[in-house]
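This report describes one protein chain in plain terms. Please look at the sequence and the model before reading on.

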Amino acid sequence: MSSAPASDDPQPEPAAKPKPKPKPKPRLVFDDPLDQQSSDDTDRGWGERPTAGGSAADLARFLDEKPPHHI
């Protein structure tokens with residue numbers, strides 16, 4: 001006889017996956033929102049670039065900020 005399993009044997013069922021934990025509900029924060037810094041309070045919030053230094057960065061900024069009548 002062969003040692004191969006018989007085809008009549010049922011396939012073992014995969015182990016049951018554990019249920020994912022429910023996500024915690026967001027906390028209610030009763031702090032004063034005006035005490036926190038908003039993105040508008042920063043240079044980046046106003047569209048300023050971080051200073052990279054160098055003449056290539058200066059040229060790029062000049063070309064980006066050049067008024068349309070100075071073509």
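This is a predicted model: local features need pLDDT of at least 70, side-chain atom pairs count only at pLDDT 80 or more; totals for chains, interfaces and linings use all residues.

Residues are numbered from 1 along each chain as its sequence is written, and side-chain values use heavy atoms, with hydrogens and water left out.

The protein chain has 1 helix and 0 strands. Helices (H or I, at least four residues) and strands (E, at least two) are DSSP runs, numbered from the N terminus. Of the 71 residues, 0% count as buried. Buried means under 20% relative accessible area, exposed over 50%, and partly exposed in between (1.4 Å probe, protein chains only). The accessible surface comes to about 8,000 Å², and 57% of this belongs to carbon and sulfur atoms. Such areas come from the Shrake-Rupley method with a 1.4 Å probe; for residues, only the protein chains shown count as cover.

Helix H1 spans residues 55–65 and includes Leu63. Together with Leu59 and Phe62, Leu63 makes a nonpolar surface patch of about 310 Å². A patch is made of residues with over 30% relative accessible area and no salt bridge; nonpolar side chains (Val, Leu, Ile, Met, Phe, Trp, Tyr) are joined within 5 Å, like charges within 9 Å.

The whole structure holds 1 salt bridge, a term for a side-chain nitrogen of Lys or Arg within 4 Å of a carboxyl oxygen of Asp or Glu. Glu65 forms a salt bridge with Arg61, with the closest N and O atoms 3.1 Å apart. Because Glu65 and Arg61 are 4 residues apart in helix H1, about one helical turn separates them.

Thr42 lies in the segment before H1. A polar atom of the Thr42 side chain is 2.8 Å from the backbone oxygen of Ser39.

| Residue | Relative accessibility | Class |
|---|---|---|
| Leu63 | 46% | Leu63: partly exposed |
| Glu65 | 52% | Glu65: exposed |
| Arg61 | 44% | Arg61: partly exposed |
| Thr42 | 28% | Thr42: partly exposed |

Notes:
A polar contact is a pair of N or O atoms within 3.5 Å; within protein, one must be able to donate a hydrogen and the other to accept it, and residues adjacent in sequence count only if both atoms are side-chain atoms.
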